[in-house]
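Please keep the sequence and the structure in view while reading.

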Amino acid sequence: MIKKLLAAGLFLRLLGLINIRLGGDFAYHWQIAGDIVRGKSFPLFGPAASVNPALHLGPLYYYLLAIPYFLGQGDFRAAVIFFSLISCLNIFLIYAITKELFDEKLAFTAAVFCAFSAYFISIGNLPWNPYLLPTVILLAVYSLIRIRQRRYSFLLLLTLSLGIAIELHGTAIFLLPVFLLLLPLKKIPVRHYISGSIILFIFAWPYFFQLKEIMTVLRPVSGNCDFVSWLQSHGHGERCFSQIRNTLFVFRFISMSLFDSQNIIIAILSALMTGFLLSKKRLKQRKLIIIWLGIPILLFLLYSANIYLHYFLILFPIPFFLLALFLAELEKTGRWGKRLSKVLFYSTIFFNIILYILSLPAIRT
């Protein structure tokens, strides 16, 4: 069954060949990838941060993008296929990981939601550095599971995954305290800590040369803010009411992941679903979900610069865990609960597929 799910997920992602064009940041990054393949340049810094063009991420993305450039002989569609394949890997990884953390039924449910999520289909086939975060995060979670099973050498894969994540996008730094709280720290041999620290330093080194630019991003933002106007336009790039805004964005990310909607009402419903689940003390992996949601929420309270939805990709795959768990809780309430669970399951898949197909006429770069 999982093979059919992977095939369906890949088919939907490859539909990006219809509407993805070479332009904007993609065209600029594709040119750099070409220069790497031709041996003209080997950049030491990566793409500019959206909040400060003077701040650059790590260069790893350019070198990864050089792989499809080489394989496709410069045809940008090779990058769309390359990213689509990586995105399909996420479906398998989320199935395997959720099976370890919960059970097989919930694992398949979460994998289905990931496969057919209109939002994750659309970011899964579009080449851009933050959109590779889900894959390395899943590898980090897989490593965490193995470490908890006393296979401590997986700390190297964990730090490698987190290091790559930090290179791809700075918000991945917020994941470091999350995994530190989830690791059995006292049981891991010191030699693995030393090796892991070296790996993290290697990947984080571009940021050490840009501390001044990082501080400008963290500096409090002042300006005229009207609450009523903000409620009507709390979107990408919004600076006002950062503490409310950033917390709301967490649940907008959940609602976007599950229902392809950033509507404030859907976001509030997502928050209510999350609160309902976390109120259940016997909920499996409750501690993991609380830490994974709670730490970034607290850290984002300190951030007041422009905000964008992809900043919250560090919460992947929590939305799929939540909805799968919610449906499982519904099934426990009796016959009508089981029926409602099935209706929500199939309607979520149906509307995501329809919304994605309807988006295909819009050109993306």
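R148 lies in helix α8, which covers residues 133-148; helices here are DSSP runs of H or I with at least four residues, strands are runs of E with at least two, and both are numbered from the N terminus. The model is a predicted one, in which local features need pLDDT of at least 70 and side-chain atom pairs count only at pLDDT 80 or more, while totals for chains, interfaces and linings use all residues. Residues are numbered from 1 along each chain as its sequence is written, and side-chain values use heavy atoms, with hydrogens and water left out.

L144 also has its place in helix α8. Is L144 buried or exposed? With a relative accessibility of 2%, L144 counts as buried, whereas R148, at 38%, is partly exposed; buried means under 20% relative accessible area, exposed means over 50%, and partly exposed lies in between, with a 1.4 Å probe and protein chains only. Leaving aside residues up to four places away in sequence, R148 touches L182, P184, Q285 and L288, and L144 touches F179, L182 and L183, where a contact means heavy atoms within 4.5 Å.

The table gives separations for two residue pairs.

| Pair | Apart in sequence | C-alpha to C-alpha |
|---|---|---|
| R148 and I188 | 40 residues | 9.7 Å |
| L144 and I164 | 20 residues | 16 Å |

F179, one of the residues touched by L144, is also among the residues with the most contacts inside the largest nonpolar core, together with W292, F312 and F320. This core has 123 residues, and its largest share, twelve residues, comes from helix α5 (residues 77-101). A nonpolar core is a set of buried Ala, Val, Leu, Ile, Met, Phe, Trp, Tyr and Cys residues joined through side-chain atoms within 4.5 Å. F320 has contacts with residues including I94, A110, F113 and L258, not counting residues up to four places away in sequence.

The protein chain as a whole holds 18 helices and two strands. Its radius of gyration is 20 Å, close to the 21 Å that the globule rule gives for 365 residues, so the chain is as compact as a globular protein of that length; the radius is taken over C-alpha atoms, and the rule is 2.2 Å times the number of residues to the power 0.38. Along its principal axes, the C-alpha trace spans about 65 × 55 × 50 Å. Of the 365 residues in the protein chain, 53% are buried.
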